[in-house]
Amino acid sequence: MRSLHPLVVIPEAAEVVGLPEGGAFTLLADASQTAGALGANRLTVGPGRDGAAPHYHALSTELFYVVDGTMEFLLADRVETVAAGGLVVVPPRLPHAFGAAAGTGADLLAVLAPGVERFGYFRRLARVQHGLEPFEGLRAEQDRYDVHFVDDERWSSLRGDR
C-alpha cells in the first residue's frame, strides 16, 4: 500500500556519509520512508573517482541525473559520457557502473524504483572505501541490498589507472 503522506527532506536533515577525496553520499529517502516506492541519494565524487563498480539490480530501475560535472557510465556493453543536465535510466538486470570522468569531479542524483532499503549499503560502502571493511563483506549482502556485482574487463581497463 502506498503512503498518503509526503516526504520532505531538508538539506540539514539529510545524513551525509563521507567518502575519500571529498566525496559523499547524501542519503535522501530510503524505501521505508516512501512505502517502498523509491529510494534516493545524492553522490558527490572526486575527479576521476568511481561511483560504483559493475553491478545490476534484479528488482529495480535506477535513474541518474548528473547535477554537475561529467560522469562515465558503463551500460551493458557500451560506455557513455554524460555531462551536467544529462539523464540515464537503467532497467532491472542491466549491468552498469559509473564514475567521474578523468580530471573532473561530479555530483549525481540517483533514484531506485521500486525502492530497496539501502542506506545501510551506502554506509558500508563508505567503510569499504575508507579501508575499514573488506569489499567481500558487501558481496555477502547482494540479495539484501539488490546490488549484484559482476566482473567487467572493459570497465576495469577504462578505470583501472585512476
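**View A. The contacts of aspartate 146.** Leaving aside neighbours within four places in sequence, aspartate 146 is in contact with Tyr56, His57, Ala58, Leu59, Ser60 and Val116 (contact means heavy atoms within 4.5 Å). This is a predicted model, where local features need pLDDT of at least 70, side-chain atom pairs count only at pLDDT 80 or more, and totals for chains, interfaces and linings use all residues. Residues are numbered from 1 along each chain as its sequence is written, and side-chain values use heavy atoms, with hydrogens and water left out.

**View B. Aspartate 146 and arginine 118.** Look for aspartate 146 in the loop between helix H3 (142-145) and strand S10 (148-149); helices (H or I, at least four residues) and strands (E, at least two) are DSSP runs, numbered from the N terminus. Aspartate 146 is buried but has no salt bridge, and the nearest side chain of opposite charge, arginine 118, is 6.4 Å away. Buried means under 20% relative accessible area, exposed over 50%, and partly exposed in between (1.4 Å probe, protein chains only). A salt bridge is a side-chain nitrogen of Lys or Arg within 4 Å of a carboxyl oxygen of Asp or Glu. Lys and Arg count as positive, Asp and Glu as negative, while His and the chain ends are not counted.

**View C. Strands S5 and S7.** These two strands pair in the antiparallel sense over four bridges (pairing takes at least two DSSP bridges). Leucine 63 has valine 89 of S7 as its bridge partner. On S7, Val88 and Val90 form the covered face, and Leu87 and Val89 the uncovered one.
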